[in-house]
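I opened this notebook page to record what I looked up in one structure. The entries follow the order in which I went through it.

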Amino acid sequence: MGRYRMLAQILRGFFSIRTTLILLAILGFGAAAATFIENDFGSSTARVEVYYSPWYLVTLWLAGFNLAGVIWRYRMWRHPPRFLFHLAFLLIGVGAAITHYYGKEGILHIREGRSENRMLSSEPYLQVTIRTPEGVWVDELRKEFSALRKNRFKETIRFGSQKLSIEGTGYTFAKKGRATMGLLGLRVCYRNQCRETRLAGKRGAKGFKKSLNFGPVTVDLEYGSRIEKLPFALKLRDFQLERYPGSMAPSSYASEVTVLEKDRSFDYRIYMNHPLDFRGYKFFQSSYDPDEKGTILSVNDDPGKWPTYLGYILLALGLIWNLFDPKSRFGKLVRYLESTAAVLLLALGVGATTLHGASLEDFEHYLRAYAQGSGPAAEAFGRLIVQSPMGRMEPVDSLDTQLLYKIHRSLSYRGLNQDQVLLGMLSRPELWRYARLIPVKSPKLRQILGLPRGEKYAAFADAFEGKKGYKLKTALEAANRLRPGERGTFEREIIALDEKLNIIYMVFYGNLYRIFPMPDDPARTWYNPLEAMEKFTGPRRAAVEHLTRSFIDAVAAGEWKSALRRIDEIADYQRRFGGELIPPRKKIEAELFYNRLHLFPRLVGVYLLLGLLLLVAGFAEVLRREGGGVWFKRLRLLAAGVLGLLFLLHTFGLGLRWYVAGHAPWSDAYESLLYIAWSALLAGLIFFRRSLLVLGATVTVAGIFLFTAHLSNINPQITNLVPVLKSYWLTIHVSVITASYGFLGLGAILGFLILLLFILRDPERRPRVDRAIYRLAAVDEAALILGLSLLTVGNFIGGVWANESWGRYWGWDPKETWAYVSIVVYTIVLHLRLIPRLDRPFVLAAASFLAFASILMTYFGVNFYLSGMHSYATGDPVPVPAWVWWSLGIAALTLAAAWRKRDLPRLPLSRVLKRGRRENEG
């Protein structure tokens, strides 16, 4: 009996929430560490040490068994929504295991006019070919190495009656920018002879062959992916690449292939997001040869697809059902908040970026006259169409908006709008070189430029000094020699200043204004005036030269009627020779209105100021003794109304950008930040509009995300989509997953506010504080449940998109991995309450506040600190911004101050809900 009792205790311990959280923590921490290992030592090292290591795979299996046991122990089938989404994880795990152990991946390269049935495997092999007078023996050893180990191994290969010994002597990883390569050291022995060599190779690429001679025996060695034969062949009849007009950027590419089998053949067109599915294999358009005469297809054989997809469906169904189930934790939180009159909760549906000859005095005199008469001509100039480097056709006004904001961080200069400023720079560069347009923060940089005391803006002329030339040359060269991680504030600013000076120089010469289409050009390229005068011939060259010179001369002389006529002539030229590329008039007008509105930068200050005022009012309401309740109620109604108007304005701005861009406004960093701010506002309005503190937190979150969107390293320009983003999966995946960031950000702010309330706790003198903590904790938990549900569903929708676009759900890309880490982190946070000692508002608040660091790493950190498919970084270290250290310091001080008064019991959900039921029955 004792043994059975001990076994029962062991099983209860293993099938417990505590064990679940420990296993999840191990998985999350391991995956997070692996992203940094991969960045510094390559993907093979990360796979060997973490992802496919025995300890990580065992932990995954244990987590699966633990989940199955927890489902059984707690009889989850009694609560269908909870049972469905927990069961879904088991199904997804089963599908992933089948794919991992039995699936195949590779690359198929075909040249036009040729057929191919050999693919390059994604897995690496040590390939050994032994050539003797008696024959040839081939052996392939599945090997993957870690740069963090010695990688000692010994293999014996028998051929005929003889044998060959191969020993691994080490493995090193080399990295240069984004190019990586592994070097495998080997010692090969045959009879009494031994040779040492090093093989260059890595997973996903064919290795470089080396031959060793042992008298009559020759040994060929190669490390890398191997060639695998398919049961049929593909012939590439034609590869087609479409570019955006006048740009090298691809709009789409496709492969016209013929599938060749013994008894049949058929034609098929493979293009992005439209794969070929045949005989269990899927072929996805991956890339192409530089000469555009060959295609590169990714190949995938996935036997675990349908269990995985079924798991995804059950997961989404269970999580959505859980939000509407009155018996779920979310449902109980809703009723608790209703019963305490803290908020009104409604159902939420989420569905659905060197000149001389003038002086400063001349410029000041010119500027007064220019400001008076340039308005109509500048407006007409802004309506001309320009072709961007990426091939997007847009009004000149959009380019002017981007350029002036890039240079000046504002859309006006001394009363002139962006079109007036840029038109002036084009027409009178010898004067505008004295315009103080560029903000300079560094005192040292101001000193180098020789700015007057107290002057915060520099002019183009300030960077040059007679024969001494470019003032920044020495300091700029020193800054560029430093690695990104070694550059300080001064070095980064001088590099940014140099970039702005180059932009101004290109504006002076019109290099950025591609306004003239070349007639009968198959690439439909538009050229700037200087290029057009150089490349065009005959009458067309003369026409362009006449239009350009007469237009510039008229503007420079202030002859505005003549300037307007020349602008009309340029517009007529654009319609005659490039009319098929010019957007519809309504879309042009909409884009001009969007530019003039400049809505989102203007909302930043409004959101942050309103958030601060509401937070102050919310704390005043919590800390008041008696009286004043009517005023606070009116203030809540007023705040909700103002926030509702701002939300409608924000929604209108997103919709307008959608219409102008022609695609959903969450395809890049800028747009997704706008959308996260929008989702945070939606959370506040639909959820918690009767709480001043929560409304303040909501609008503060929106303001912070909008402020982040308008930092200098984020480009707000509307751009064309790359081919892989031309998918309806983009709209679904990004909208859901970025909406989750709004809810989780709200949870973080609420967690911080709760910690501040803990600091102010005094149960005898301020009992309202404890009641406010309970209410905010319930709001916090509800927001986290919604955020985690959306994050999980959005992440797995991304897996479907990846599988449908390039044939794999998951590649352990840093962005994917950190999304997975975030899911693990928030799962732990929401399950801490199931451990009695941790079921406290303080624990929830601290955890929800700190957990948002995983979202920040997912959204920002990966882009700048890790290299990968979703990343903008090269993997080289870059400086950690000062605000990160300030945030960590504030967080540590807040947690330390709140810790002393943390002894508040768990949320009184049951007691309040029972009281509410008795009152209803009475």
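**Entry 1. Aromatic pairs**

I note at the start that this is a predicted model. I searched the whole structure for aromatic pairs and got 39. I looked at Phe-381 and Tyr-513 in detail. Their ring centres are 5.8 Å apart and their planes stand at 40°, so I put the pair down as tilted. I then checked where the two residues lie. Phe-381 is in helix 9 (residues 375–383), while Tyr-513 is in the loop between helix 15 (489–508) and strand 23 (516–517), so the pair ties together parts 132 residues apart in sequence. Both Phe-381 and Tyr-513 are buried.

My next pair was Phe-593 and Phe-652. Here the ring centres are 6.3 Å apart and the planes are at 70°; the angle is over 60 degrees, so this pair is edge-to-face. Phe-593 belongs to helix 19 (residues 585–597) and Phe-652 to helix 21 (residues 629–661), so the pair links distant parts of the chain, 59 residues apart. Phe-593 has a relative accessible area of 36% and is partly exposed. Phe-652 is also partly exposed, at 41% relative accessibility.

I also noted one aromatic cluster, formed by Phe-363, Tyr-366, Tyr-370, Tyr-413, Trp-432 and Trp-560.

**Entry 2. Charges over rings**

I wrote down two cases of an arginine over a ring. Arg-226 lies over the face of Tyr-125, 4.1 Å from the ring centre. Arg-902 has its charged end over the ring of Trp-899, at 3.8 Å from the centre.

**Entry 3**

I followed the pairing from strand 12 (residues 276–278) to strand 13 (residues 281–288); the two are antiparallel and share three bridges. Phe-278 is opposite Tyr-281 of strand 13. The two strands make a hairpin with two residues between them, and Arg-279 in the turn has a positive phi of about 55°.

Strand 13 also pairs with strand 14 (residues 294–301), again antiparallel, through seven bridges. In this pairing I found Gln-285 opposite Leu-297 of strand 14. Strand 13 and strand 14 form a hairpin with five residues between them. In that turn, Glu-292 has a positive phi of about 65°.

**Entry 3. Nonpolar cores**

Which residues have the most contacts inside the largest nonpolar core? I found Phe-600 and Leu-757, in a core of 130 residues. Helix 25 (residues 767–806) gives the most to this core, with 16 residues. I listed the contacts of Leu-757, leaving out residues up to four places away in sequence: Phe-619, Val-622, Leu-693, Val-769, Ala-772, Ile-773 and Leu-776. Another core lies apart from the largest one and has 66 residues, among them Leu-367, Val-440, Phe-460 and Ala-554.

I checked helix 6 (residues 305–324) for its span. Helix 6 has 20 residues and reaches 29 Å from first C-alpha to last, close to the 28 Å expected at 1.5 Å a residue. Its buried residues include Lys-305, Tyr-309, Gly-311, Leu-315 and Asn-322.

Helix 2 (residues 17–41) has 25 residues and spans 35 Å between its first and last C-alpha, close to the expected 36 Å. Gly-42 follows helix 2 and has a positive phi, near 95°.

**Entry 4. Single residues**

Is Ser-121 buried or exposed? I found it at 3% relative accessibility, which counts as buried. Ser-121 lies in strand 2 (residues 115–132). Beyond four places in sequence, Ser-121 touches Glu-105, Gly-106, Gly-204, Ser-225, Arg-226 and Glu-228.

His-650 is in helix 21. At 0% relative accessibility, His-650 is buried. With residues up to four places away left out, its contacts include Phe-600, Tyr-607, Trp-678 and Leu-706. Phe-600 is one of the residues I listed for the most contacts inside the largest core.

I ended with Glu-394 in strand 16 (residues 393–395). Glu-394 is buried, with a relative accessible area of 3%. Gly-382 is 12 residues from Glu-394 along the chain, and their C-alpha atoms are separated by 9.9 Å.

Technical notes. Residues are numbered from 1 along each chain as its sequence is written. This is a predicted model: local features need pLDDT of at least 70, side-chain atom pairs count only at pLDDT 80 or more; totals for chains, interfaces and linings use all residues. Side-chain values use heavy atoms; hydrogens and water are left out. Rings of Phe, Tyr and Trp (its six-membered ring) pair if their centres lie within 6.5 Å; planes under 30 degrees apart count as stacked, over 60 as edge-to-face and the rest as tilted. Helices (H or I, at least four residues) and strands (E, at least two) are DSSP runs, numbered from the N terminus. Buried means under 20% relative accessible area, exposed over 50%, partly exposed in between (1.4 Å probe, protein chains only). A charge sits over a ring if NZ of Lys or CZ of Arg is within 6 Å of the ring centre and within 35 degrees of the ring normal. Two strands pair if DSSP finds at least two bridges between them. A nonpolar core is a set of buried Ala, Val, Leu, Ile, Met, Phe, Trp, Tyr and Cys residues joined through side-chain atoms within 4.5 Å. Contact means heavy atoms within 4.5 Å. The expected span of a helix is 1.5 Å times one less than its number of residues.
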